[in-house]
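Here is a model to work through by question and answer. Look it over before reading on.

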Amino acid sequence: MPRLPCALAAITLAAGTAFAQPVTEPAPLAQIRDEQQLAEALSAITQDPSIPVDAPATRALAQALMTEGVKQLQARSYDQALANFLEAYSKFPSPKILLNIASTLRDMGRLADAANTYQRYLLDPSTGAERVAEVKEILLRLDEQLTILTIRVFPRGSDLSIDGGPFIAVGSSLLTRVRPGIHLVRIRKDTATSELTVNGFEGENKEILMALKVEVTPDVAPPPVVDPKTPLPKEPEHVDGWLITGTQYASDSGTGRERRVRSGTQGPEISAIVPRFDADEDGQVLAFHEPAPRISSGVIAVLRIDGEGRGFAGGVGFAISRARLEAEIMILKSDSTGGYLGLRYRLMTGWLRPYVGLGMPGFAYDEVDETGMTTSTRLAIGVRGAAGVELMINGHLSVHADLGYEHFFFIDDPLIDTNLFVPTLGVIGRL
């Protein structure tokens, strides 16, 4: 009997420790490396019967968009992954997709956008109870680093814009999270406009009033007759802003579920990639077809190293890509000036891209006779064979290295080698 209080104390302590454990975050789909497990996880999301669809094919389309989005996320192409997730959500508005959108935004460093996405998840009536506590804990941690901005408007039904984002009709108030710092809020109603600079701090709940001067004029004509059967436009009384701050996203109204990603803050919109797939009549994906490689063209810079350590040459130019094949056009510069035309063929098109290459380097050099006097300028043309590997950093940047052997023709100067071992290092910036 004397041990009973100790046992109860131990049980109480254990229970307290269990309740004090930190909440784990939802595991992102990008961490699932097994394709079969990934397909099952995505199918569980898109086959959720609580999410209504107009046609069964919509479920298969959403799964295809999500599958490609996860692949892009694993390749660290965050903008493209986000574009795919947002397109999948616009087609199939499952709150579970919002979790993947939010985690992607966190990986991109867009904490305010991620927090607003978690808030949208919590407000969605279709959200189940299984992860609400987890998401609330994540949101509390994010809110410690952000400013929660509440904007009240006058007159009712004014349009608000934050940091150049879309104008959104607001009945009385708008709430959104923004990064700490200075923000520009604009308001308009009919022809009246105004703006206000707001400074927010970490962990601050900031409330502001945006008001316009309204001129009241006497009626000079009777009001128009309105058909009572015609519904009047009604803006939401309260708006929870989601991906509306700044110009990184595009949308038609800012109040629906459709959002599109821009490249940078003012760049073009990034279209979602939809892989080819087969589906049955119930919207179940049966198989995916390997998509054609999508590698864009860009600019290239290389460093050519003399295999015997006598020096190096630099080169800049263009890389023109067509699926696995890429053409290179460069200007080369060392002690002399030259150029390079080449082709490379990639054996693989993922983040690791081994390749073989064939090209034609050329240099203009000064021919020297036996007396040491320059006699004329000559052109040396060669052929190059190489093998190497390209490593994709993200969708717009990659590095490569190869080992090459070159043989030059039309060289009469005995002081210049006609056979050279030339390794190269390079970087490619893609569109």
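## Fold, strands and salt bridges

The chain has 7 helices and 22 strands; helices (H or I, at least four residues) and strands (E, at least two) are DSSP runs, numbered from the N terminus. This is a predicted model: local features need pLDDT of at least 70, side-chain atom pairs count only at pLDDT 80 or more, and totals for chains, interfaces and linings use all residues. Residues are numbered from 1 along each chain as its sequence is written, and side-chain values use heavy atoms, with hydrogens and water left out.

Q: What percentage of the residues in the chain is buried?
A: Buried means under 20% relative accessible area, exposed over 50%, partly exposed in between (1.4 Å probe, protein chains only). The chain has 431 residues, and the buried share of them is 40%.

Q: Is Ser158 buried or exposed?
A: Ser158 sits in strand β2, residues 158–162. Its relative accessible area is 0%, so Ser158 is buried.

Q: Which backbone oxygen does the side chain of Ser158 reach?
A: A polar contact is a pair of N or O atoms within 3.5 Å; within protein, one must be able to donate a hydrogen and the other to accept it, and residues adjacent in sequence count only if both atoms are side-chain atoms. Beyond its neighbours within four places in sequence, Ser158 also touches residues including Val153, Ile168 and Leu212. At 2.7 Å, the side chain of Ser158 reaches the backbone oxygen of Pro155.

Q: How many bridges join β20 to strand β22?
A: Two strands pair if DSSP finds at least two bridges between them. Leu397 has Gly429 in β22 as its bridge partner. Strand β22 covers residues 424–430 and runs antiparallel to β20; the number of bridges is 6.

Q: Which strand gives the most to the nonpolar patch?
A: Patches are made of residues with over 30% relative accessible area and no salt bridge: like charges are joined within 9 Å, nonpolar side chains (Val, Leu, Ile, Met, Phe, Trp, Tyr) within 5 Å. This patch covers about 600 Å² and is made by Trp351, Leu352, Val389, Leu391, Ile393, Leu397, Val399 and Val427. β19 (374–394) and β20 each supply at least two of its residues. With 3 residues, the top contributor is β19.

Q: What is the relative accessibility of Leu352?
A: Leu352 lies in strand β18, residues 352–368. Leu352 counts as partly exposed because its relative accessibility is 36%.

Q: How many residues apart are Arg156 and Glu237?
A: A salt bridge is a side-chain nitrogen of Lys or Arg within 4 Å of a carboxyl oxygen of Asp or Glu. Arg156 and Glu237 meet in one, 2.6 Å from N to O. Arg156 is in the loop between β1 (147–154) and β2, and Glu237 in the loop between β7 (205–211) and β8 (238–240); the pair links distant parts of the chain, and the separation is 81 residues.

Q: Which residue forms a salt bridge with Glu406?
A: Glu406 belongs to the covered face of strand β20 (residues 397–409). Its relative accessible area is 0%, so Glu406 is buried. The closest N and O atoms are 2.8 Å apart, and the partner of Glu406 is Arg304.

Q: Why does the salt bridge of Asp402 and Arg384 tie together separate parts of the sequence, and how many residues apart are they?
A: The closest N and O atoms of Asp402 and Arg384 are 2.8 Å apart. Asp402 lies in strand β20 and Arg384 in strand β19, so the pair ties together parts whose separation in sequence is 18 residues.

Q: How many salt bridges does a search of the whole structure find?
A: Side chains of opposite charge can pair when their charged atoms come close. Salt bridges that share partners join Glu326, Glu328, Arg344, Arg346, Arg353, Glu390 and Arg430 into one network. For the whole structure, the search finds 22.

Technical notes:
Contact means heavy atoms within 4.5 Å. Accessible areas come from the Shrake-Rupley method with a 1.4 Å probe; for residues, only the protein chains shown count as cover.
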